[in-house]
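Subject: Structure handover and notes

Dear colleague,

Here is the structure I promised to pass on to you.

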Amino acid sequence: DTMVTLKKKAGIGNKDYRMWLKLNEDTRISVRTSVGESESRRIKNSLGQGSFGAALASSLNIGCAIKDTFGETSSTHIGTLPLNAVVMQDDIAKLNDNLGQARDGCDKIHNTLMRKQLAVNHDKCKYLIVGPKQFREDTMKELETQTMGMGGVVIKHAANEKYLGDWVNELGCKESIDDTIKERMRKQTSKVNDIILLADAPMMGADGSSRAAIKLFEAQVIPALLFNCESWIGITETQINDLQGFQDKFVRKLMHLPTSTPKAILHWDSGMEMMKWRIAKRKLLFLKKMMTKENSNICKRSIMNETILGIEGLGHECKALAKTLGLTDLRDSHATTCRADIVKAIRRHSETTTKEEVEASRKVGDRAEDSPRDREYLKHMTLPDSRIWMRVRAKSIKGVKVNNKRSHNNLRCRICDD
């Protein structure tokens with residue numbers, strides 16, 4: 001069935017068709033488990049398990065089937081943008097305005113998958129009710145007498161559900177972002193602890209610097225933590241502070257600093273980009289990318305629709321960010337503004353705001369006057385030396401008065417008189 005879809009929908013050539021057929025004909029598969037690898041078995045009518053090409057072909061097969069099933073009809077809308085069912089690989093979301101449309105959609109999706117000889121994972125089939133409190137309560141009462149089902153199996157209600165890596169909460173965007181951030185920070189905590197344990201290994205300091213652990217954090221934790229943050233519309237300062245606190249905690253634990261260490265010196269000396277500007281950069285780059293797409297792209301249509309209706313969505317947020325950074329609105333200047341312009345503007349503004357934060361600190365305000373070389377010690381000092389030097393710069397040395405009634409002007413300790 002997938003081969004027919006590739007031939008008719010994707011329009012692949014005859015040679016490619018024959019090659020795919022031969023590659024997937026009489027495929028032998030085995031399962032690798034914790035106790036060893038199972039015996040191999042020959043299977044019929046199957047695509048190569050786990051291959052990138054098989055994922056693309058399977059996604060195309062399901063997407064075309066859903067499109068043929070629902071056609072151009074719409075069951076809901078965002079502003080004036082009509083929507084029905086959206087598909088991402090093997091995940092299908094059916095958007096509806098009422099229960100009648102939802103039940104009809106469940107029947108059609110089930111029949112389509114059965115026609116394609118595909119199984120339905122009923123454990124992951126859930127429905128969410130988004131809207132005012134009274135609407136949700138009335139809908140739940142109706143569902144108590146007439147349940148929602150697919151293929152004769154009852155679908156359960158979920159107040160929040162994970163979809164495409166993000167948690168979707170029926171209470172709205174703010175709660176969805178909250179659930180996503182909290183769950184990701186919970187899952188990444190163990191990885192952060194592993195990185196900190198690895199930081200003390202001799203091989204981690206083989207280059208003579210202290211940045212190996214920070215590079216690991218940037219490569220492994222940040223992408224997982226901020227995945228799809230471009231869709232976090234209306235993210236609050238509290239949520240940004242939670243993310244920033246997660247990063248600051250990593251730096252404090254890595255450098256063996258007390259919790260009383262001024263955050264300003266952490267941001268200034270670690271050289272790590274602030275979470276607020278990480279998210280801003282991803283949103284601006286995503287908007288630029290979407291504006292270069294064809295007009296039929298659903299994301300671009302959504303952005304243009306919110307612009308016409310005056311909705312404060314991604315386009316509105318990016319316009320405010322561009323104004324703060326000294327850039328023009330990317331909806332109009334995406335062709336003349338390159339990626340480097342956005343990255344440079346973010347870096348310049350981030351450094352300025354961090355310097356202002358240091359200058360406003362009573363304890364480490366004088367560190368803002370240091371030359372850039374003075375705060376780049378992580379690049380040429382070993383981790384043990386960097387830990388000591390950051391404590392000196394943060395004025396957090398045990399036994400030395402630092403922060404008692406502005407006593408940091410006099411750094412004499414108990415041994416000085418001797």
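A salt bridge is here a side-chain nitrogen of Lys or Arg within 4 Å of a carboxyl oxygen of Asp or Glu. Please keep in mind throughout that this is a predicted model.

Salt bridges

With that definition, a search of the whole structure gives 14 salt bridges, and I describe three of them here. The side chains of Arg393 and Asp269 form one, with a distance of 2.5 Å from N to O. Because Arg393 belongs to helix H15 and Asp269 to helix H9 (residues 263-270), this pair ties together parts that are 124 residues apart in sequence. Arg393 is buried, with a relative accessible area of 3%, and Asp269 is likewise buried, its value being 3%.

Another salt bridge joins Glu317 to Lys283, at 2.6 Å from N to O. This pair, too, links distant parts of the chain, since Glu317 sits in helix H12 (residues 314-325) and Lys283 in helix H10, 34 residues apart. Glu317 is buried at 18% relative accessible area, and Lys283 counts as buried at 3%.

Glu183 is partly exposed, with 23% relative accessibility, whereas Arg186 is exposed, with 54%.

Side chains of opposite charge can pair when their charged atoms come close. Leaving aside neighbours within four places in sequence, Lys300 is in contact with Met290, Met291, Lys293, Glu294 and Asn295.

Nonpolar cores

The largest nonpolar core has 33 residues, and those that touch the most other members are Phe217, Leu226, Trp232, Leu243, Phe250, Leu254 and Met255. Two or more residues each are given to this core by helices H6 (173-199), H7 (212-225), H8 (237-254), H10 (275-291) and H15 (383-394), and H6 provides the largest share, 7 residues. As for Leu254, when residues up to four places away in sequence are not counted, the residues that Leu254 touches are Ile196, Ala199, Ala213, Ile214, Leu383 and Arg387. Another core, of 19 residues, lies apart from the largest one and includes Leu285, Met291, Cys318 and Leu325.

Cysteines

How many disulfides are there? The count is 0, the cut-off being a pair of cysteine sulfur atoms within 2.5 Å. The sulfur of Cys173 is 14 Å from the closest cysteine sulfur, that of Cys229, and is therefore too far away for a bond. For Cys318 the closest cysteine sulfur is also in Cys229, and because the distance is 11 Å, this pair is too far apart for a bond as well. Cys173 counts as exposed, at 51% relative accessibility, while Cys318 is buried, with a relative accessible area of 2%.

With best wishes

Definitions and conventions:
Residues numbered from 1 in each chain as written. Predicted model: local features only at pLDDT ≥ 70, side-chain atom pairs only at ≥ 80, totals over all residues. Heavy atoms only, no water. Buried < 20%, exposed > 50% of the residue type's maximum accessible area, 1.4 Å probe, protein only. Contact = heavy atoms within 4.5 Å. Core = buried A, V, L, I, M, F, W, Y, C linked by side-chain atoms within 4.5 Å. Helix = DSSP H or I, 4+ residues; strand = E, 2+ residues; numbered from the N terminus.
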